[in-house]
Amino acid sequence: MKLIDLHVHSTASDGSYSPAEVVRQAKAGGLTAMALTDHDTVDGLPEAVAAGQTLGLEVIPGVEISAQFPGGTMHILGLFVDYHNGVLDERLMVLKQARLDRNPQIIDKLNALGIPITMARVEEISGGGQVGRPHIARALQEAGFVASIQQAFDLYLRKGGKAYAGKFRFSPDQALTMIREAKGIPVLAHPFTLNLGSAFALRNLVIELKGQGLAGLEVFYSEHTPEQMALYLKLAQELNLLVTGGSDYHGLNKPEITLGSMPCQDKLTYNLVEALKAWRRREYCLSA
Ligand SMILES: [Zn+2]
Ligand SMILES: [Zn+2]
């Protein structure tokens, strides 16, 4: 069986391993293909694609964009994005700047609470990639202010936490459009994080997003229950959306998630990749 993982993070965003290292781990885990989908950046893609070529593993260029969604978290994956596309890079730069502005705000709030964490230490922990809340969480844990990463989020970093700072996000429509402009496949990631109360509400939202260009649903996911997977699969089939899935591997920053052996790994087979490629060829009139 040719197994895949279409949702993986590296140090280019908030994963703990470099792009080349996650590709090596995917290969060692027995996968045939993996998508690197770092948050709001395509910076890790050249390294991952090159490592894939060296090791004989198909690396699908991807990105995961956070969109505005009051009341919940909306992440939209872009799979098979053309990362040489200047427009995508330019749009992502806006998000990068927003993130850069946000971290010092969080640190200031922590300092005001009497917690002497520095931006310099947080940057060291990030290992040179994008710096975000997981790195601040690790700094808090390291300095003994919390017992775990989870506790750092619960007490300080989550929306409503004591040191939370908001950040700029694109609208769902804008996120879908920028992925399509880069000839990518827009997929709604882990639908449960939208915090919608019912299957009916989710269905209505997905129909609306499809009208704005959504092409797929992340059905198989390390944190989905069997009931959620069944519901999302039914919805994808009913609305004629592509089915994808992945672990959301973050290395040591989410140690409970492994690469190549999540609970529903047997559902993630290469035929899903073939369907994605066929859709993309049709949609963008590409040859071969
Ligand atoms: Zn996500
Ligand atoms: Zn993710």
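Which residues of helix 2 (residues 45-55) are buried? In this predicted model, the buried residues of that helix are Leu45, Ala48, Val49, Ala51 and Gly52. These residues span an arc of only 160° around the axis, which places them on the same side of helix 2. On the other side of the helix, Gln53 and Thr54 are exposed. The cover over the buried residues of helix 2 includes helix 1 (19-28), strand 2 (31-36) and strand 3. Just after helix 2, glycine 56 adopts a positive phi of about 80°.

Seven strands form an open sheet in the order 1-2-3-4-5-6-7, with mixed pairing. Strand 1 and strand 7 (242-246) are the edge strands, each of which pairs on one side only. From one strand to the next, the twist averages 35°. In general, the strands of a sheet pair through backbone hydrogen bonds, in either a parallel or an antiparallel sense. The parallel sense is found between strand 5 (residues 185-188) and strand 6 (residues 216-221), which pair over two bridges. Here valine 187 stands opposite glycine 216 of strand 6.

Helix 1 lies across strand 1, strand 2 and strand 3, and runs at about 150° to strand 2. Helix 9 (residues 226-238) lies across strand 6 and strand 7, and its direction makes an angle of about 155° with strand 6.

The model also contains a metal site.

The zinc ion (ligand 1) is 3.4 Å from the zinc ion (ligand 2), and glutamate 64 coordinates both. Distant parts of the chain are linked by the pair of histidine 7, in strand 1 (residues 3-8), and glutamate 64, in strand 3 (residues 58-67), which are 57 residues apart. Both histidine 7 and glutamate 64 are buried.

Methods: Residues numbered from 1 in each chain as written. Chains lettered and ligands numbered in written order. Predicted model: local features only at pLDDT ≥ 70, side-chain atom pairs only at ≥ 80, totals over all residues. Heavy atoms only, no water. Donors = N, O, S within 2.8 Å, 3.2 Å for Na, K, Ca; no water. Helix = DSSP H or I, 4+ residues; strand = E, 2+ residues; numbered from the N terminus. Buried < 20%, exposed > 50% of the residue type's maximum accessible area, 1.4 Å probe, protein only. Arc of directions from axis to C-beta. Contact = heavy atoms within 4.5 Å. Pairing = 2+ DSSP bridges. Axes fitted to C-alpha atoms, helices over the stretch in contact; angles between N-to-C directions.
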